[in-house]
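Hi there,

Here is the structure I promised to send over.

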Amino acid sequence: MKEKSKSYYGQQKAVNGFIQVLLLVLGIIWILPLCWVILTSFREEPGSYTSYFWPKGFTVNNYVNLITQDQQFKFTKWFFNTLLVSVISCLGSTLIVLAVSFALSRLRFKMRKPLMNVALILGMFPGFMSMIAVYYILKGMNFLSNPLVCLTLVYIAGAGLQYYIAKGFFDTLPKALDEAAYLDGATKSQVFFKITLPLSKPIIVYTILTSFMAPWVDYIFPSIICGSEYDSYTVALGMFKMLEREFIGAYYTQFAAGAVLVSIPIAALFISMQKYYVEGVTGGAVKG
Amino acid sequence: MTEAEYYILPWYKKLICKASGALKKTGRGLVRFFQGIPGAVLSLFRKLGNGFKNYGMTFVKGGLLTKLSYVIMGAGNLFRGQIVKGLIFLLAQAAYIWFMITNGASCIAGLKNLGTVQRGWYFDEELGIDVMRENDDNSMLILLYGIFALFITAAFIILYVTNISSAAEAEKLSKSGAKLPKFKDDVAALLDGKFHKTLLAFPIAGVLIFTIVPLVYMILLAFTNYDKDHQVPANLFTWVGLDNFKTMLGANSTLSQTFWPVLGWTLIWAVFATFLNYVFGIILALLINKKGIRFKSFYRTLFVLAIAVPQFVSLLVMKNMLAEAGPVNVLLTELGLISSPLPFFTDPTWARVTVILVNLWIGIPYTMLITSGILMNIPDDLYEAARIDGASPFIMFTKITMPYVLFVTTPYLITQFIGNINNFNVIYFLTGGNPATLDYYQAGKTDLLVTWLYKLTVNSRDYCYASTIGILVFVICSVISLITFRNSQSYNNEEAFQ
Amino acid sequence: MKKRIISSLTAMLLTGTIFTACGSTAESGDASSAGSGDTVTLTVWGSQEGQPFLKRMCESFAAANPDKNYVFNYGVVSEADAKKELLKDVSAGADVFGFASDQTGELVSAGALYRVTKNKDQIVANNTAPSIQSATVDGELYGYPYVSDTYFMYYDKSKFTEEEVLSLDTMLAKDIPGTTTNFAFDTDNGWYQSSFFFGAGCKLFGDDGTDPTMCDFNNDRGMLAGEYLIDLVKNPKYGANFDDGLIKAGFADGSIAAAVTGTWNATDIQASLGDNYAATKLPSIKLLNGEEVQLGGMANFKIMGVNAETKNPLDAMALAEWLTNYDNQVINFEERSLAPTNVELANDTEKLYSNAAVAALAQQAQHATVQTSIPQCGNYWTPAEAFGQDLIAGNITRDNLQEKLDKYVESVLSALTSE
């Protein structure tokens, strides 16, 4: 018996050692592209390709030029444009997502199931085609002169369909809480504000997180809305321009620097909030 | 077959058994779905019929004020003291009539032909140049505004019906001598009994304007000939019925010869991208969470870092890294592992494998992140019991871990699958659909239906075909998800946890 | 009930504003305002790197026309993106914008370009015949050409002599220490790839490039060009898939000796090569039947167009003419190394040849075929790219070459719905 458990533990140790090595290799594979961007962002020699892996010289000028110069690329301006859009749209989106998911989860009314089915159906159409129609609708509303307003408005308007995960979370909150409050004579709005919302921190954080990130990574829609309004570009749009034929040679290292700058706040936010993200997606089934 | 018989079957027969079970279930789902359609249509008609019956009955039975509300909206409320409510109805009616006279009627009428006056020029003596004739038609705008006018009309009809029932209710209440609710009371009700209306009003308006109207526009385009030979504003386009679908699904056109292979690849991609990510993600989570593994949180953060970086950054970087002269090839050459660069994106088969692999790079950490917590929730005694029974780790994985995880993440899995069918970013940023091929029209070997659709709108401006593809993608997605959602626990047991 | 009222009212309110646009769509062609008002606002599009020059030229235009108060709005849309951006919404587009000549056909068929009738004879006389041809559809002129654009060969003088660069086969036969690629070329880009077919004597869209039913890349001459390409991509000293980034990197580290690209890379390549910098026309190739032919090319132009829906056609036309006149083409040439279309400047060889890249461009332009302006030419790029990528991937062999070329031609000529 003792023999057996000894060999069992020895075996376990070997397996663990193997797994440890495997994880290390995988970790390197996963982190390598990120290291390469960081290396490139500090590379002294310009150009998108080099015939060697390790840069020959290092410099911080890529960052300095990216931030300070705005003749060709207005990175700082675009960065704050994106920040503005994402802050406002994440506030608006969060309100809408919470309202919709509360209504669909905690309240019962005639149109509830049909509305949910419609939302489900809408999510399955590829959105690109209709973007041109959205453009003309915004034009009709006379908003086009300010693309940032358009972007914010459309992001917020689209949030009504992103209730699914938040609803899943509300579904898990015990119904007895609401019923007790109704017995005490509370109105439905009071239940929403005083009981449900204080319990929904994870899902609020999750919604804020996802809607904050959307404008940073969206490329196609801003490219249709912003058009020739160079000053109103978002970061994704502007950085994509750096990779055009005329610029890629001279600006690739600055593109890498921009990529690092954009990634830092988003990555920091995501990592610090990942717990809420997980709880959001798994509908609160996990308390991790 | 009994349980015992099943257990003594060899593994491959078990697999066949499982697969046929799944197929049967899918078949049942399909049947149930299509059986549901006539019922839904019937009940819709029945409701409409009832609506008209009520409409007539209310008119016959109603008093003078209610009858007046059929012509002048809000009359029933206005003269019974519900001033604000009545005024809202009245104003809405006035606004609608004004709108129909100035614009709406012509906008709706335009939908019939989508414009008849083509753009023309004449020579202006005074200016010495050609100038455009006025009042030419733009088919695209006619279609869009026509749809808007229809939506406004629909909104007005709803308001009109509401007005009638509101008048009837007011009459009933005043006859029974009860106090009519004031505007203040209505507002208070919006925070309590009708709170869902308050919560949903703005979201629904937003979705209506920025999602549904554009979507209807897109759907209708598929029934027109808005292709590169009918570009606005110089040309008109018009309705062509189902011609585009015939071209797309038929056998002989260049389009259909592109559609079917691209559809095939899209499905292959979606299956691989979803299930490989899922399985490997769970395995990775198991490895990290295994007892005795050190630096757990370090590894977790490491992998999460890869997805925390915005996707367009990581994908563009990946594209560059795997290019023929990119760092990966350079590194492998420097290490002496290869003599000529690997054709990651230039050879069709390589490119397809590459996009799936890169997608693993993005997707595995997501699954890892989500399943980590679920795995920790699985009660330890389950495993302990299995271990005492002598179950191998593989058996424990398939019998305990997977069913448990699957139960919690089925909705996630389905949305992932649909998301992958529509996965624009990975393909667009990574390969742009390349390598291109002579066999396809405007598409490459790694193009999905959505990226092909995008190329059709941007490069060749064949809007009608792009819309046709969009509708077909929708049909595919909806069939898949309706079947699976309806069979899934989380759809049927919505209130299980409450 | 209230919700319905509120949501339908919101919908009505929001949509009401849209219909102010519905009623006004037809007004865009109104030309009466031109020439009367004192203040004229014109929107101008140009590429990002050209913005300072565009501003300077617009300001000089305003200074030259003091009787009117011109206000300019500048938008960033490169010549390559003009079609995409303009056709999204013609009425919201710039009054004056630059575009690449391969877009002429599609822009005209969509009705986005104003026909040039004012000073037409003068404009035709001022610019080279090919450049005018590229702005002409069915005998009508639709723009003001201002830049001539084709590609040519850059090479390293220390690695090739002036005689050697005349023949591609000589270049590829040479062993150069430290150099891995003797000749770099972007084979899967139709713009470049066409030089082999044109060189062999093939025609795209008939003799004058306007026949949408003609493309003979699959005839005997096309087979010769194709066979040459099959062998070429297998040659280890031939860089088959070199885009701009790779070419610049290759010159920077000395791994390539010669490459084909355009003037926009001149500064970078000159900086890398220093004294060894040289540029010339493309080399000639020896076909399998022993015939020696000069590689051709596709001549492209940049054209200034006036929006068909502009509110101020006369002012916009005057501005477009100004932006493309002799003086401003001199500025483009001297400060941005852009080759002119102005006849006087293009014939001023002394001035032009001071710039090696522009000189090489002028040489190569004599062998180049003017890129056609029919809408069908939008069909050319994707099949050409596909053919190039198939070549590089080794999927095209002598056995299936005829079949692949037939398919190539079929894709170029096909209308979508045909069998």
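Chain A is split into domain 1 (2–61) and domain 2 (73–283), with bounds that come from an automatic or database domain assignment. The centres of these two domains of chain A, taken over C-alpha atoms, are 34 Å apart. Their contact draws on 8 residues of domain 1 and 9 residues of domain 2, where contact means that C-beta atoms, placed from the backbone, lie within 7 Å.

Please keep in mind that this is a predicted model: local features need pLDDT of at least 70, side-chain atom pairs count only at pLDDT 80 or more, and totals for chains, interfaces and linings use all residues. Residues are numbered from 1 along each chain as its sequence is written, while chains are lettered from A and ligands numbered from 1 in the order in which they are written.

Chain A also meets chain C: 24 residues of chain C are in contact with 21 residues of chain A. On the chain C side, H1 (2–24), E2 (69–76), H3 (82–88) and H10 (244–253) each give at least two residues. Helix H10 of chain C has the largest share, with 7 residues. Helices (H or I, at least four residues) and strands (E, at least two) are DSSP runs, numbered from the N terminus.

Chain B holds 20 helices and 2 strands. Its radius of gyration, over C-alpha atoms, is 31 Å, well over the 23 Å that the globule rule gives for 498 residues, so chain B is more spread out than a compact globule; that rule is 2.2 Å times the number of residues to the power 0.38. The C-alpha trace of chain B spans about 90 × 75 × 45 Å along its principal axes.

Best wishes

Methods:
Contact = placed C-beta atoms within 7 Å.
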